[in-house]
Amino acid sequence: MNLSDYYNDWLALSTKRNLKGQEALDAVSVDGYMLRYVAAEDQTEEICLAATDSYGFPLRYVCNQTEAVIKNAVQKNGTAIKYAILRTEEICQMAAEEDADAVQYFCISPQFVEPCRTSIR
């Protein structure tokens, strides 16, 4: 199936499992949550970026999270940081700027949280 087939037939998309290569990329481009049907060894950075591109929460299914994928996810949805394995101050700042509620998921020093809250007001 190609990308246009997925857009036209949601049932076809919902029945797919064990996605690989271009088929995986096409599926996650339509619905990022399809990443859960891509095996860890088949999750390229390109596929993971496509999965998190429209909505950050598919970060939950990214097995090998890179900084680029995490940043992409939190830029789309700040609260996706709750699924991030890497939470640098830069990533936390990006998440907080996108959604102030993201600060509840920060596991960093309290000295950072208050200035971050102040900067997004």
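Angles under 35 degrees count as roughly parallel, over 145 as roughly antiparallel, 65 to 115 as roughly perpendicular, and the rest as oblique. Axes are lines fitted to C-alpha atoms, for helices over the stretch in contact, and angles run from 0 to 180 degrees between N-to-C directions.

The structure is a predicted model, in which local features need pLDDT of at least 70 and side-chain atom pairs count only at pLDDT 80 or more, while totals for chains, interfaces and linings use all residues. Residues are numbered from 1 along each chain as its sequence is written, and side-chain values use heavy atoms, with hydrogens and water left out.

The chain has seven helices and zero strands, where helices (H or I, at least four residues) and strands (E, at least two) are DSSP runs numbered from the N terminus. From the N terminus on, the order of elements is therefore α-α-α-α-α-α-α. Of the 121 residues, 41% count as buried; buried means under 20% relative accessible area, exposed over 50%, and partly exposed in between, with a 1.4 Å probe and protein chains only. Contact means heavy atoms within 4.5 Å. Among the contacts with a separation of 6 or more, residues 24 or more positions apart account for 18%.

On the α3 side, G21, A24, L25, V28 and S29 take part, and they meet E46, I47, A50 and A51 in α4. The residues of this contact divide into six nonpolar, two polar and one charged. Here Ala, Val, Leu, Ile, Met, Phe, Trp, Tyr, Cys and Pro count as nonpolar, Asp, Glu, Lys and Arg as charged, and the others, Gly among them, as polar.

Helix α4 also packs with α5, at an angle of about 10° and with the axes 9 Å apart. The helices α4 and α5 are therefore roughly parallel to each other. In this contact E45, C48, L49 and T52 of α4 meet A68, V69, N72, A73 and K76 of α5. By class, the contact has five nonpolar, two polar and two charged residues. Within α4, the residues I47, C48, A50, A51 and T52 are buried, and the buried residues of α4 pack against α3 and α5.

The next pair is α5 (residues 67-76) and α6 (residues 89-98), which pack at an angle of about 20° with their axes 7 Å apart. These helices, α5 and α6, are therefore roughly parallel to each other, and their crossing is right-handed. From α5, the residues E67, I70, K71, V74, Q75 and K76 meet E90, I91, M94, A95 and E98 in α6. The residues of this contact divide into five nonpolar, one polar and five charged.

C92 lies in helix α6 and is buried, with a relative accessible area of 0%. C92 and K71 are 21 residues apart in sequence, and 9.3 Å apart in space, C-alpha to C-alpha. A95 is likewise placed in helix α6 and counts as buried at 0% relative accessibility. The C-alpha atoms of A95 and A73, 22 residues apart along the chain, are separated by 8.8 Å. Not counting residues up to four places away in sequence, A95 touches V74, G78, I81, A102 and F106.

In soluble globular proteins, nonpolar side chains tend to be buried together. A nonpolar core is a set of buried Ala, Val, Leu, Ile, Met, Phe, Trp, Tyr and Cys residues joined through side-chain atoms within 4.5 Å. In this model the largest such core has 30 residues, and those with the most contacts inside it are V28, L35, L59, I81 and F106. The helices α3 (21-30), α4 (45-52), α5 and α6 each supply at least two residues of this core, and α6 gives the most, with five residues.

V28 is in contact with M34, L35, I47, A50 and A51, leaving aside its neighbours within four places in sequence. The C-alpha atoms of M34 and L19, 15 residues apart along the chain, are separated by 8.5 Å.

How values were computed: Left-handed = near helix turned anticlockwise from the far one by under 90°.
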